[in-house]
Protein chains: 4
Amino acid sequence: MTVRVGLIGAGVMGGDHARILSTAVNGAWLAAVSDADASRARAIADAYGATTFPDADELIADDSVEAVIVASPDPTHKALVLACLEAEKPVLCEKPLGVTTGECLEIVGKETELGKRLVQVGFMRRFDPGYTAMKATLDSGDLGRGLILHCVHRNQTSASYSTSEGVIANSAVHEIDIARWMFGEEVVRITVIVPRQSAHAGMQDPQIILMHMAGGAVVDIEAYLNCQYGYDVRGELVCESGTAELTPPHGITLRRSGQEGFGHPEDWRPRFTDAYRIELQAWINSVTGGPLAGASAWDGYAATAVAEAGIASLKTGTSADVRLEAKPGLYDA
Amino acid sequence: MTVRVGLIGAGVMGGDHARILSTAVNGAWLAAVSDADASRARAIADAYGATTFPDADELIADDSVEAVIVASPDPTHKALVLACLEAEKPVLCEKPLGVTTGECLEIVGKETELGKRLVQVGFMRRFDPGYTAMKATLDSGDLGRGLILHCVHRNQTSASYSTSEGVIANSAVHEIDIARWMFGEEVVRITVIVPRQSAHAGMQDPQIILMHMAGGAVVDIEAYLNCQYGYDVRGELVCESGTAELTPPHGITLRRSGQEGFGHPEDWRPRFTDAYRIELQAWINSVTGGPLAGASAWDGYAATAVAEAGIASLKTGTSADVRLEAKPGLYDA
Amino acid sequence: MTVRVGLIGAGVMGGDHARILSTAVNGAWLAAVSDADASRARAIADAYGATTFPDADELIADDSVEAVIVASPDPTHKALVLACLEAEKPVLCEKPLGVTTGECLEIVGKETELGKRLVQVGFMRRFDPGYTAMKATLDSGDLGRGLILHCVHRNQTSASYSTSEGVIANSAVHEIDIARWMFGEEVVRITVIVPRQSAHAGMQDPQIILMHMAGGAVVDIEAYLNCQYGYDVRGELVCESGTAELTPPHGITLRRSGQEGFGHPEDWRPRFTDAYRIELQAWINSVTGGPLAGASAWDGYAATAVAEAGIASLKTGTSADVRLEAKPGLYDA
Amino acid sequence: MTVRVGLIGAGVMGGDHARILSTAVNGAWLAAVSDADASRARAIADAYGATTFPDADELIADDSVEAVIVASPDPTHKALVLACLEAEKPVLCEKPLGVTTGECLEIVGKETELGKRLVQVGFMRRFDPGYTAMKATLDSGDLGRGLILHCVHRNQTSASYSTSEGVIANSAVHEIDIARWMFGEEVVRITVIVPRQSAHAGMQDPQIILMHMAGGAVVDIEAYLNCQYGYDVRGELVCESGTAELTPPHGITLRRSGQEGFGHPEDWRPRFTDAYRIELQAWINSVTGGPLAGASAWDGYAATAVAEAGIASLKTGTSADVRLEAKPGLYDA
């Protein structure tokens, strides 16, 4: 009953997945690791009793591997996911599914051809207890229809290689996925508003991103990668009869040095510890016959398409319509 | 040393002002009341030992009145304020100063001619302890420059006579004033975004209103007059090194019936009890030689001008530039 | 209609009362100031347009003074209050009413003899919006009967002259008064529990003080004068069907340097700004014919009696019964 | 590497353990179930692919079982744990370890004789993220030494068979364990204080329980089994330079019907979902060679001894000293 998982990519995210899979997920076993840097692969393999593969394709093809996690650099995702589809093995691919909509569509096409869903995209927030409680509240109908979703996405500082486009494509893309998932609708228009830049950012940061959903709801996102104080994700869903707001998780409140409050972590991983664990468990469950969970290849494509439109809006200073391909029936709920 | 105040308008706001002035403000005495409905004026006058005037202009002119509060219906404001200027008596005029920019400019012109400031507009939020703490934080420079101001303005239910335009002109106008005051800058552009309407609203409600300030900061406002759950005003100022957020005041937290939390009032008055009291005290202080405080006639004009541009944006579906007249030197800080 | 107030004691509390009375209370005028240190009296008198009296008794007797605030050192309270009673002038006496139960009983006796209540003791917490909301909740019956009142009373650091006994008599005495007021009952037994001392305290600090009320409710108090992080007063009333907890007032929440939260002040005055203002207003109202408000001479006596029993408990390490004299009918509600 | 677990007791707790072990813990497999009610055992066994044993002792002895969870009625614990020790199999026993200190000491004696620790007692709160963060704060020394631990333990309603003694032995025993674990010290004295009873409780409820720790810290516990509003556990550790307080976990804040807040569950299981999962994972880890974790048999004994002293205090109305046997070296850290 234990799923033998192969991991491609032994960086920060890969290492986290390996650890969570090996210490906190039921029914999984890390069987194999591959990384362009063999020593990184070796370190993880040794820690959890896996074998290493010098070549990712070999790992995918090997009989000892039943399911694959792709956590390698973004530009490698498409080919690796296609190889998994070729081998008909379930794959959990870190976001983004592909670096262009074209890449994503190749995967969607291939999976549609196969006629069965094997790809899950690592939009882990769908498994965060706060977001799932928010969606459960919306779906219950207790508060009426959703009208607005306010989002705040703040990082302490951005990486040196960050760009104004990346604020949308790498960061706000999480909110793009959450918006689609929350409302069960596509984004039809996106507008990027630019306040003056922070002196701490060498790019357009922060940004305010507005999205119109197909059903008329509006989503606004403050994406701010250099807020200095910590990693902080907030959200409030405004409905016809009330609102539901994410509460930042924190086990304790401290009172010291004149202040009462709680801490924000330096990066996103502590904030989404539960989400990553539950995501991996749900994926393993789906591999062993449980229901499909998480974002599909279509979701990965749609998120990239919205982000591309957002970048166009950023560049032109006007709204951009989002035009998606026709959705294959495979992805109907 | 006690200021003899005349009140014009004995409705809800007028009654509140009379009560606060007579029970919680130092150095003031309610000397006179006037209202189109003589019995309403009589009731307030009796309660606080004032005399009544059948005619508002007579009240303004009477020697027993040193300073005037205008809390009568909006369309009467302009003429009454002009009469106060004519009589050279300080006047606290409930917002709006005038129902059009034209009316406001008449007052600005008249006051400029006089060469001294006598008009305070009743944007009471400038005296709210939360907003003043937020502004003090910004002005201290501790958090760097302000980049974004997020605002939420929710009413439980809108009045039967409310309109989509009124969401901007009557409600969000408070945030328009706060934004100008917070940043010490004019609004240069305004864009109104329309989510789908709440089923509880017979108009475009909620609305998202975006404003660009002259210095590049962006202000977004959720104005929602039928949120059902209560009156709720929120705000977060996002700066280069941190943020400051209004905390809704509530003396106690209740735990009962499965819930832990606090209540929101049905209307704005409990939320801004302190603001009204402090506003009146500051006004009385200014009348007796203290520093000018609160919004000036220019502020009243500018808020109306921004609201008018907002209504244009609502109607056209595009952004609208805000073009103000040249600001008379009288209103320089 | 303006009450001419004489202030005895021009220290920190006296200065605060003078300022609040002169800038934020309706219907009052600071007419006279007296202090053993003539220059301190002079400074306050000049600031607010009052005259000075070298001798407190003269101030009390003078016709220009209609009501008196006693904010001088504790040992002077009794004689000054008695002088006010002699002159039949209303007096607001800072706590404690007297430094012993004997002193308090002299005042109670004198006032009873007069047959009318002229003394209010400055237990200002009774006017704090949080405490009044808590009591209103209890009195409404919505949560059933009160069973337990948890109290926390923390100061940043204690004064150099503080003593283990003073933790009870000077600090926890506020909670003693609040407990009596909240439940409308006397304290019948008190027990002081001593945890190990903080290294920051040169005395028994913190202490846990337990009180049984006549009706069976229990009150526990953490009194901690050297908590280091700031002045913090908390309280939770536990009832049969729910609880009500004080929310520390704070206008804004800050996010910076990895933390989200709000500040605690260095001393009690910012925390109880509203309480002091409302207390003074209520006292002025009572002087001009409004209802009596605040703690009576009897309450001042009872609080001192409970504190004395608490000190006995601290010394013996066992519980101490509280035995009060018979309550004169004058003090029945 | 997968541990084959046998479960004894298929009631609420047993069912929860089976589910968590089978769906959220790494490296474990539910191999066997036994219950006096064969159909209950059958239901769980079927759900997770386990076999059933009509007799608990047979389950313990069977080679297919490597480690045992005891979740059967309290009076059966001692004999079952002894049988596990006899079979030299690791056992996770739900609290209490035994229903008397005598029973607990039998187990301690047997384990000491064996010379190795095989028993973990199910005080799951030691694994709650809030409590572990609190302890980490204390152990870091950042706030100085701990002086007081305030605890609140509230249940919505008590079971029909609850007793005044059970408030201590079944409910507050969790805080007894947490206090010992937090400070790393034994309890030396316990005092139970009785407020008037809630009309909703047919027994002495609530109770206030005071404990002196060996090092001088004081712990107070409000144990209240009929608070009506929900299950709520709170705690604040008061140190020399600040405090750390548990934050009740809640993914979202709701605003509706005039209220803003979050919900409390009806019983303890949602509150301690994480604690149970982490407890089981830590236990499984310890079975496969990881470090021992959780409460030992000695801890189980000490908690029972303190509870017995607490019951004595409840009955006599005075403090009771806690006298423990000499602690075998096996249980030194």
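## Exercises on two chain interfaces

Arg154(A) forms a salt bridge with Glu236(B), the closest N and O atoms being 3.0 Å apart; a salt bridge is a side-chain nitrogen of Lys or Arg within 4 Å of a carboxyl oxygen of Asp or Glu. This is a predicted model, in which local features need pLDDT of at least 70 and side-chain atom pairs count only at pLDDT 80 or more, while totals for chains, interfaces and linings use all residues. Residues are numbered from 1 along each chain as its sequence is written, chains are lettered from A and ligands numbered from 1 in the order in which they are written, and side-chain values use heavy atoms, without hydrogens and water.

### Exercise 1

Describe the contact between chain A and chain B.

Step 1. Count the residues. Chain A gives 40 residues and chain B gives 40 residues, where contact means heavy atoms within 4.5 Å.

Step 2. Find the area. About 2900 Å² is buried between the two chains, and carbon and sulfur atoms give 55% of it. Buried area is the accessible area (1.4 Å probe) that two parts lose on being put together, summed over both. Leu147(A), Arg196(A) and Glu240(A) supply 23% of what chain A buries against chain B, more than any other three residues.

Step 3. List the polar links. Between chain A and chain B there are 2 salt bridges. There are also 20 residue pairs in polar contact, both residues at pLDDT 80 or more. A polar contact is a pair of N or O atoms within 3.5 Å; within protein, one must be able to donate a hydrogen and the other to accept it, and residues adjacent in sequence count only if both atoms are side-chain atoms.

Step 4. Place the residues. On the side of chain A that touches chain B, the elements giving two or more residues are β7 (146-154), β9 (207-213), β10 (218-224), β11 (232-239) and β12 (243-246) of chain A. Strands (E, at least two residues) are DSSP runs, numbered from the N terminus. β7(A) gives the most to this side, with 5 residues.

### Exercise 2

How is chain C placed relative to chain A?

Step 1. Superpose the copies. A rotation of 180° with 0.0 Å of shift along its axis brings chain C onto chain A, with RMSD 0.0 Å. The two copies are thus related as by a two-fold rotation axis.

Step 2. Locate the axis. The C-alpha of Gly261(C) lies 1.9 Å from the rotation axis, the closest approach among the residues of chain C.

Step 3. Compare the surfaces. The copies meet through the same surface, because 100% of the interface residues of chain C are also interface residues in chain A.

### Exercise 3

Which strands and side chains join chain C to chain A?

Step 1. Pair the strands. Strand β14 (residues 259-263) of chain A is joined to β14(C) by 5 bridges, and the two run antiparallel; strands pair if DSSP finds at least two bridges between them. In this pairing, Gly261(A) stands opposite Gly261(C).

Methods
Copies are superposed by least squares on the C-alpha atoms of residues with pLDDT of at least 70 in both. Helices (H or I, at least four residues) and strands (E, at least two) are DSSP runs, numbered from the N terminus.
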